[in-house]
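The sequence and the structure come first, and the text should be read beside them.

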Amino acid sequence: MKLTRRDAVAALAALGVGGTLSGCVAPPGSEPVDVDRLRETLVAAADVIYPSEVSGTATFVETFLEGRLEDPTHVAGLDEAVTELDDNAMFWHDERFAALSVTDREQVLRNIDVDTADEDPTGTTSERVRYYVVNDLLLALYASPAGGELVGIENPQGHPGGLASYQRGPSA
Amino acid sequence: MPATDTDADRTPVGDADVCVIGAGPAGGLVADRLAEAGHEVVILEAGPRFDSADRLARQERGIRPAYDRPAIWDSDPERDAYESSGERFYPLNHARARGVGGSTLHWQGMVMRLHEADFNSASIRGVGTDWPIDYEDLRPYYAAAERELGVAGADDNPFAPPREEPHPMPAFRPSYSDSLFAEACDGLEIAMHSVPNARNSEAYDGRNACVGYGTCQPVCPSGAKYDATVHVKRAERKGATVIDRAPVQRLEHGPDTIEAAVYATPDGEAHRQEADAFVIACGGVETPRLLLLSESSHYPDGLANSSGLVGTFFMDHLFAGTGGVLDEPTRQNHVGFLTSESHQFYDEADAEYAPFKLEFFNYAGPSPVGMALTGDDWGDDLLARLRSEYGSHVGMGGLVEQLPRENSYVGLDASTTDDHGNPVPDVHWNVGERALRTIERVNEIQERILDELGAEITWQVGRENTGPAYHHMGTTRMGDDPTESVVGPDLRTHDLENCWIASSSVFPTGGAMNPTLTIAALALKAADHILERL
């Protein structure tokens, strides 16, 4: 399955953030952040987090991030989580997270226990990386119709997909 | 998500005719009716006014595991502190939302009328007590309440009490999983029928039809599900004033009348709202708490409490459920509401078994996004798990009546205080054997249906692990005798000439139907009685 910008816009609409089809916007009212670094990190993390049968993740993630950038509080938390992710990557591999191989990226996430952590936007490093990086990517995918389709639900929770699908049988 | 304007004018309204305390469905409906009649109405609400533009962000909170139920509508642990001292823990802040709209902000939205026998439990079933009014007394108010809330329903329930006109909107169509259940229920001769929903199946009253976000509990982002902001805003358009973040601390009174509601504001000030009439509409917990906090030399046991029954007879509905998996797709979690129930066994209730209803879930089992956010896996492993674990669940619920019991009550816990120094409510919840015995019967029926369906049963909520349905009732009961009740059939307190209570707290018994339509009907009845007196 190839993910598109429109899939990302659908995901954003369900979360109440942005979702325009215009270009990248800087986060208003917040401390300057390196948006390119956030984008590269999330796209790199998506290579680990998303299933191999989806493609087009870079466009999907970049568009989703555009919407998230409209929330300064979220941006600040994301920036902090990405910084700590990069610090761990530098410590173990002397490279930023986004510059690592997919295998090494996954190992960095596991090194800081992100796989077993519960998400918490104000918690430990692993809990914040889980919230702002891993779970935000999972939320974008699996609360969208594109991600739902992978699992067999056209109208996943959080998406305003109408009243037809709940009445349909599996072979309809 | 900032709630309300901190700098808003929260000073009292001069020359108010009516002060309504609480901006939930009861308070909103009463305020709307009284403002419509031209009266000067002020509503005092302890919680904030939420910005409707934040609904989607609250929905995200509802989906994400980082936020528990109280956090979704900004519950404040100091403001909302409470004690739970009964034999069963009562999760009060999971059960309510505080703010303009009240608990309808997070409710499911199921709106049935009580059955005729519910109003005469003692006479017909031999237990509990009779209401001082009958179904026929409330029937026109039920019809009016259905129009006010906007109810989608059908006349296909052979067990429902008589009605005089169709529901305002057509019922939601059955789900795919309803069709699976229907086959099993046919084999067992159990009738299924539609569910009346306070949720737009088509555009109604200026609100859009449901678009299927699937997160009805705890947030409807589209506004298709009714919540009490509808009537609070309507009352404001008719001239009523809403003062939010204004918890009433006590009611100043003489022997026969309330003179003023003393309320606090975020700036630390205290104000007195005077009015000719007062309506307490704070639900089954905060209503008795406010009366108990308003004790005086004349009412040493609490205001309007000559009967000694304020706070007593706290009731909820008990949940009973059974679920499992099939070896075929069941198409769950597309929507967050129910489309089919069975009330077939409801009126078999007697002294030994309580009335109960059966529900057929459309959201059995976990949703894929919920599983994704809480697992220890990602990538292909996660997708494989989602495909394996989503899609074949089935589930049934049921609500069971509990009888009013003197040892089930809401009191004050003086050892703990809220953010204004007031003793917190103590929810002392006890259930009773009749309800627990009935839960076993509900489970047996659910097991028969699931067996007939060919399901492997994987979970059950029964007598040991049952919990409340978050329907607070009974703590200022209605009755004819002032020694055995707090309010009369006109919803006015026996003790005070200018104080009415609009709330599920006046229910003498609870039945087993979701209570909000009855709350709304009683609120409209209360409004009529108040208008007669003003």
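At 37% relative accessibility, B:Glu164 is classed as partly exposed, whereas B:Arg139, at 17%, falls into the buried class, because the cut-off for buried is under 20% relative accessible area. The model is predicted, and the values that follow should be read accordingly.

The side chains of B:Glu164 and B:Arg139 form a salt bridge with an N to O distance of 2.9 Å. Since B:Glu164 belongs to the loop between strand E4 (152–153) and strand E5 (169–170) of chain B, and B:Arg139 to helix H6 (residues 135–149) of chain B, this pair ties together parts that are 25 residues apart in sequence.

A salt bridge of 3.0 Å, N to O, also joins B:Arg147 and B:Glu165. Here, B:Arg147 sits in helix H6 of chain B and B:Glu165 in the loop between E4 and E5 of chain B, so that distant parts of the chain, 18 residues apart, are linked. B:Arg147 is partly exposed, with a relative accessible area of 41%, and B:Glu165 is partly exposed as well, with 31%.

For B:Arg125 and B:Asp118, the closest N and O atoms of the salt bridge are 2.9 Å apart, and both of these residues are buried.

| Salt bridge | N to O distance |
|---|---|
| B:Arg125 and B:Asp118 | 2.9 Å |
| B:Glu164 and B:Arg139 | 2.9 Å |
| B:Arg147 and B:Glu165 | 3.0 Å |

Over all chains, the structure holds 55 salt bridges. Beyond the pairs in the table, a network of salt bridges links B:Arg79, B:Asp80, B:Arg96, B:Arg98, B:Glu286, B:Arg289 and B:Asp418.

Turning to the strands, E17 (residues 409–417) and E18 (residues 423–428) of chain B run antiparallel and are joined by 6 bridges. Within this pairing, B:Gly411 stands opposite B:Asp426 of E18(B), while in the hairpin of the two strands, which has 5 residues between them, B:Gly421 takes a positive phi near 85 degrees.

An open sheet of 3 strands in chain B has the order E8-E9-E10, with antiparallel pairing. Its edge strands are E8 (248–253) and E10 (270–274), each of which pairs on one side only, and neighbouring strands of the sheet are turned by 25 degrees against each other on average, direction ignored. Strand E9 (residues 258–264) of chain B is joined to E10(B) by 5 bridges, and B:Ala260 has B:Glu274 in E10(B) as its bridge partner.

Terms used
Residues are numbered from 1 along each chain as its sequence is written. Chains are lettered from A and ligands numbered from 1 in the order in which they are written. This is a predicted model: local features need pLDDT of at least 70, side-chain atom pairs count only at pLDDT 80 or more; totals for chains, interfaces and linings use all residues. Side-chain values use heavy atoms; hydrogens and water are left out. A salt bridge is a side-chain nitrogen of Lys or Arg within 4 Å of a carboxyl oxygen of Asp or Glu. Buried means under 20% relative accessible area, exposed over 50%, partly exposed in between (1.4 Å probe, protein chains only). Helices (H or I, at least four residues) and strands (E, at least two) are DSSP runs, numbered from the N terminus. Two strands pair if DSSP finds at least two bridges between them. Axes are lines fitted to C-alpha atoms, for helices over the stretch in contact, and angles run from 0 to 180 degrees between N-to-C directions.
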